[in-house]
Structures are given as C-alpha cells and as structure tokens.
Protein chains: 2
Amino acid sequence: MISPAPEPVRSVAVLGTGLIGTSIALATRRAGSTVTGWDISAEVTGRAASTGALIPALSLEGAVEGADLVVVCTPIDVVASTVVHALAACPHGVVTDAASIKARVVADVAALAPASDLPRFVPGHPWGGSERSGPEHASASVVDGVVWVLAPTEVTDPAAVEAVRGFVEAVGARPILLPPERHDRLVAFVSHLPQVASTALMGLAATEEADEPDILLLAAGGFRDLTRLAASNPALWSEILLANRDQIVRAIDLYVERLAALRDQIRTDDAPDVERTFGDAKAARLRLSAKPQVRAGVAVFQVEIPDEPGALARITAVLGEGDVNIEDLQIVHSPEGGRGTVHLTVAAPAAADASDVLRGGGYDPIRLA
Amino acid sequence: MISPAPEPVRSVAVLGTGLIGTSIALATRRAGSTVTGWDISAEVTGRAASTGALIPALSLEGAVEGADLVVVCTPIDVVASTVVHALAACPHGVVTDAASIKARVVADVAALAPASDLPRFVPGHPWGGSERSGPEHASASVVDGVVWVLAPTEVTDPAAVEAVRGFVEAVGARPILLPPERHDRLVAFVSHLPQVASTALMGLAATEEADEPDILLLAAGGFRDLTRLAASNPALWSEILLANRDQIVRAIDLYVERLAALRDQIRTDDAPDVERTFGDAKAARLRLSAKPQVRAGVAVFQVEIPDEPGALARITAVLGEGDVNIEDLQIVHSPEGGRGTVHLTVAAPAAADASDVLRGGGYDPIRLA
C-alpha cells in the first residue's frame, strides 16, 4: 500500500477553508510546504488565515497560481464545479478533492471539464474528520492517521496519483486506493446505512409512542444504542444520501431483504434458522473492532457501578492506574436511577489484567465476550 | 399507579432459582418475608440456598406448601406448565411469573389449567434484570427500582393483582399495569426490534465483507453502535423472538415499511421529504433519555481526549469533582489510534456546569445537542 516517496509537493492551494480545508492546510504547513487558501466567503478565508494555516487569496485564481497541488474542500454541491475551475486556472497542477462521495463528483467533473484536463484530477476522501465546523476548530490532528481514500479513474494520470499519495503520506494520513464506485458502496454500508437504519427505527418508535406513552419509559440500552445516530443533522444527511443515491438505495434494499428473511424465519417458527442467523451475526460482530490493532480480539466486561457523580471517574481511574487502555465504554443505565451498569471493552491480550485490576479496585466484573 | 398497601405477603415460594429467581428471593427476604425455593436442578437449588436467599425444597410441592405467593422464574419454555402445576399444588396461593413475554404464557396457562384456577394467576414481568446468570450473581439490587409489569386478564382476581402489586412494592420495584398484548407490543418495539435491526445489519455487512475486506477497517462509531447488540446470545434470542412471534413480525413489517418509504424518498431525489424524515427522528431522539428524571432534556458534548490509559479517568474525574453526573458516555475512536473523541450526555439543567467544569479542566467541549 505504501510506495517509495514521489517528488514532494512544495506548494499547495486549499479551496474551501472550513474545518477540513484549514486542518489539511495546517497539516501541510507542518509537513514543510507552503499553503495558500481561498473560500467563497472572504470572511471565512480571513478566519482561516488568522489561525496561521495559510496565506489568504482574494480569488480562486490567485490561490492556485503556481500551486503543485490544489485540494478542493468545499461543500459537496460545489465540489465538481470548483475542481473544474481549478483545473483550468492551474494548468500544470494536480487537483484533488475531499468529498465523502466519489462517483457523482467524478461524473460531474467529466461532464464539465475538457477531456484534456481530466488526467490531472485525483478524486479523494480523507475518511475521518470531525463533527465540529469552522476554521477555528481546525487542527492538523484531524488528518493524523486517518484512512485517506484515493479513487482514480481510467483516465487519471498515474503520476498525478503518486503525487497525491506522497502528499497524503507527508501530512500523516494513510492512503488507500479504491475505485470510485467501490468507495461509495463501502461508505453506503458502513456509514450511510447505519444512519438510515437508526433514523427509521426512531421514527417508527416515535409514531408508536403516540398511543403508547410508556414506550420510551421502557426503552433501555439497546434501543438507545440503535437510535443515537438519529440525532444527526437532517440537512447534512439529506445532502449526503442523495449524493450517494444509487448505492444507498441498493444498500437499503439488501437490508430490507435481510429483515424480511429473518421475519419469515420467525413467522414460520424456524428456530434453527433464527439461531443460525443470530450466530452468524454474533461471530461477525466479535471480529469487528474499532481499531485495526485490536482486530485480533477484544474482551467485554460488564461491571455495576453506582449512578452518581464520580462513579465513572473512579472505575476509569482504577483502570488507568492499572495501565489498562479502555477501547470502548458503554453506560447501560437501568430505567430508574440508583445504579448503573458499564460495558468495558479492552483488547483481548489485556483481558486478564483488566479483570485483576477491576477486582483489586473492589468491582465484580462479568466477562461477556 | 401506587395504591394503599394491601395485606402483606408473608410467605413466598420461588420456582426456578437462577439469577432472577434468587435475586427476587433476596429482595423478598430483605422485605421481611420468608422464602422457600425449588429448581428442577437440585444442584441449582443448593447453590441458591447457599447464598442465604431461601430455604431449599426437594420438590415443587414442598416449596409451595403454605405459600401466600408463588413466583415462577423458570426458563420461558416451561413457565406455563410450572404455573399450572403451582396453581394446583398451592390451592389458596396467588401465582405470578417473571417471563419477558406475556400473551403466550397467558394462552398456554389458560389452555392447561382448570378455569377455576385462573383467577389466582397474575402474569408479571420485572423489566430489568442482569446479563449475568446463575444464583451466585443474584442480588436484591437486580429488582431495585425496576419497572415490574403486571398483566392481568379479564379473569384475573383483582385481589390477586393487589397482592402481587403490594409484593412488588415491598421488594423495591415499581408496578405498572399493562394488558398482556400491549406489554408484548411494547417489548417488541423497544427491545426485540432493535435486536433484529442490529443482527440484520451486521449479517449484511459481514456478507458484503466477503469481497470487500476494507469494509470493517473503515467501520467507525455509527456502525459499531448499530451492531453492538448483534453480539448477543443466539439461542436465547431465538427463544425470545419466537415466543413473541406475532408482535415481532408486525414490528419488523412496520420497520421495513419505514425503510422502504425513506428509500423511495432518496430514489426520487426528494430532498425536502428526506430532510423532514430525518428532522422528525432527530426531534424524537432528543426527547428520549435513559432516565425519566432527565426526560426534560439532555445536552450532548463532544470532547477530544488522548487515546491512552488514564485519559478517560481524567475527564470523568474532572466531571465528578465538579459534581456533574454523566448520563451517558460514548467513546468515538478514530479508525487509527492516537486520539479519541468522547460524546458526553448530561441532564440539560447541568449543561452550563458541565461546560464550565470541562473548560476548567483544560478540555474544549463542543455542544452537539
């Protein structure tokens, strides 16, 4: 995945200086390159410049003049037009973007730009970021270690891809090559479909609640987990889902097929099939871990703690003092106050240590997985 | 919901002495009543007795002799037959159960018991419990403050309902009356459907993973939230879902309808409708809280912390020392190590305090909701 470093990028222009653009600018400065920046809002350009991330430009043309690489970080609805504009205004530079959807950007750029400009466009997506917004919250750490997808097409110049790959490595991220459609399919499954599943579940329960006022009183940990994403920004998600329309429609269809199959197993009282469906999902979930370095396995403990200020501080202090890193922590409240249950996830090799440390701290951990 | 205390239950028999049965026995002892216990496994009866919770009996008949109240806490597949047996063996006592599904138990008992015994059966469900198992892990705290549903039918004797209600209050739980079908409908939406939705999503992603090995590498917080439940016990869930078959089939059908409607909004590029669907779900999610006392509203903060032992201890200590109770905490790791993001939920009235305390501790909280 990592190739010998290509000729380094020395001069970078960032178009769109919100949180992600300014964060990339900061990481680029840290890597030793010069950065110019422009935003359609001169006020935003000024706020980005005041962070020290970049030299402000008064126009797109002014920003990209002389740049080796242009990084387009605008809102998704103007990414393609900005890329096309940048390719024209910077005839010897490479242009990349940071949009979270790739196929539609690629198609729009191909429809709008001269064919001779297309080899210099390398579609990209730094797969991380932050839920904050605005250049004030920018930080080079936003791109530290994140997976940064490069999604070249058949017409993309391999030298341009290598230039962007070198840039991505220089700013501290991890380049991965994926075709645009495959990228969009992956993001549909691991990001967009969970959002849709959560929103639909919350919407359904809220409707049922109309004549069942107790439904939310009784909603405990599992329901809360499943509906947490439903509190996300509606305008942003509407834009994202429509931009990845074909892949998300396909993902929902496949999800509905799964649900219908499980429903039929239940309706026909097919206990062995229901159990197999649950067993397969359980095995897959246990292989999953948030961080690749703990993919080898995790251990999950259930621990009861008092539901009061300081209770969480105490258990996390006990683990911290015992040098046990918490990979995940979930608070499972009972519907009423008075006590709480915590699910702690640690890397599998740390399981014995975690158990000893917890017992030493007076807790009674139950290993769930 | 709370009525004047009826004549207190003085002698209780628990049939099935696993975790829930033994926990109820401990809470009953605490309330000052005597408890006898029996399990189909004499070895389990002995382990329960060794906790001091109950006087062991060698037979069901021996356990229920002279009892005012019999509580059936067996696995769900033998609840009805055990209830019927207890009604016959204890002709002057009231019998209740602790199964998480009510309509099927009611129907099975009605089919098996003499009609003259039915008024003395009060279907029940202590809606809480623990993910542990075995009498060794029993604790009176398992029933402390939990919602305990009583689901009488038209033939149930109101005096029997009052007796069980008094018992439930005496052991420290909160009785709520719900018809059996309504109970099962509620549990289908807030407990069983989230389990099905999570399992189907994990199963689908695991299948897609077969030719997309990067899918799990890229799976971040949202996907992990949605699939955490998929690691639950397959045999247990198969039994539960089949026992609540009609309600869960209906809930899945309604969920599939919701998903299909959202899919159609996306497919037809209907941005206003997609945004409205997400907005409605967001509003409902923000009304939801784990604990009734914070139903008035919660505040959610995003805070960045280092991904290292002790980091969580420090932030929770800062909040504990500031006397801010954490209602929920979610760790949102980036796909790579090095830094982490935490989502902290506090009751809305504590939001300003939480923000001040976090800033005072050197954190930079962003309020999300």
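**Notes on the predicted two-chain model**

1. In chain A, 71% of the contacts with a separation of 6 or more are between residues 24 or more positions apart; two residues are in contact if their C-beta atoms, placed from the backbone, lie within 7 Å. This is a predicted model, in which local features need pLDDT of at least 70 and side-chain atom pairs count only at pLDDT 80 or more, while totals for chains, interfaces and linings use all residues. Residues are numbered from 1 along each chain as its sequence is written, and chains are lettered from A and ligands numbered from 1 in the order in which they are written.

2. Chain A has 13 helices and 13 strands. These are DSSP runs numbered from the N terminus, with helices being H or I of at least four residues and strands E of at least two. Of the 369 residues of chain A, 57% are buried. Here buried stands for 20 or more other C-beta atoms within 10 Å of the residue's own, exposed for 12 or fewer, and partly exposed for values in between, with C-beta atoms placed from the backbone.

3. Now to the core. The largest nonpolar core holds 204 residues, and Val70(A), Ala86(A), Val70(B) and Ala86(B) touch the most other members. A nonpolar core is a set of buried Ala, Val, Leu, Ile, Met, Phe, Trp, Tyr and Cys residues joined through C-beta atoms within 7 Å. Beyond its neighbours within four places in sequence, Val70(A) contacts Ala13(A), Leu15(A), Val64(A), Ala86(A), Cys90(A), Gly93(A) and Val95(A). Another core, of 40 residues, lies apart from it, and includes Val324(A), Leu344(A), Val357(A) and Ala311(B). In soluble globular proteins, nonpolar side chains tend to be buried together.

4. The pairing of the two α10 helices is worth a look. Helix α10 of chain A and helix α10 of chain B, residues 245-267 in each, pack at an angle of about 165° with their axes 10 Å apart. Axes are lines fitted to C-alpha atoms, for helices over the stretch in contact, and angles run from 0 to 180 degrees between N-to-C directions. The two helices are therefore roughly antiparallel, on a scale where angles under 35 degrees count as roughly parallel, over 145 as roughly antiparallel, 65 to 115 as roughly perpendicular and the rest as oblique. Their crossing is left-handed, meaning that the near helix is turned anticlockwise from the far one by less than a right angle, whereas clockwise would be right-handed. Among the residues making the contact are Ile248(A), Ile252(A), Tyr255(A) and Leu259(A), along with Ile248(B), Ile252(B), Tyr255(B) and Leu259(B). By class, the contact has 16 nonpolar, no polar and eight charged residues. Ala, Val, Leu, Ile, Met, Phe, Trp, Tyr, Cys and Pro count as nonpolar, Asp, Glu, Lys and Arg as charged, and the others, Gly among them, as polar.

5. Helix α11 (residues 271-287) of chain A packs with helix α9 (residues 234-243) of chain B at about 135°, the axes being 8 Å apart, so α11(A) and α9(B) are oblique to each other. This crossing is right-handed. Residues of α11(A) that meet α9(B) include Val274(A) and Phe278(A), and their partners in α9(B) include Trp237(B) and Leu241(B). The contact of α11(A) with α9(B) has eight nonpolar, two polar and two charged residues.

6. In chain A, helix α9 (residues 234-243) is mostly covered, with seven of its 10 residues buried. Among those buried residues are Trp237(A), Ile240(A) and Leu241(A).

7. Within chain A, helix α4 (residues 79-89) packs with helix α5 (residues 103-112) at about 45°, with axes 9 Å apart. That angle makes α4(A) oblique to α5(A), and the crossing is right-handed. Val79(A), Ala80(A), Ser81(A), Val83(A) and Val84(A) of α4(A) meet Val105(A), Asp108(A), Val109(A) and Leu112(A) of α5(A).

8. In chain B, Val105(B) sits in helix α5 and is buried, with 25 C-beta neighbours inside 10 Å. Leaving out residues up to four places away, Val105(B) touches Val79(B), Ala80(B), Asp97(B), Ala99(B) and Pro123(B).

9. Two backbone values deserve a check by eye. Asp269(A), in the loop between α10 and α11 of chain A, has a positive phi near 55° and is exposed, with 10 C-beta neighbours inside 10 Å. Asp323(B), in the loop between α12 and β11 of chain B, has a positive phi near 65°; Asp323(B) is also exposed, with 12 other C-beta atoms within 10 Å.
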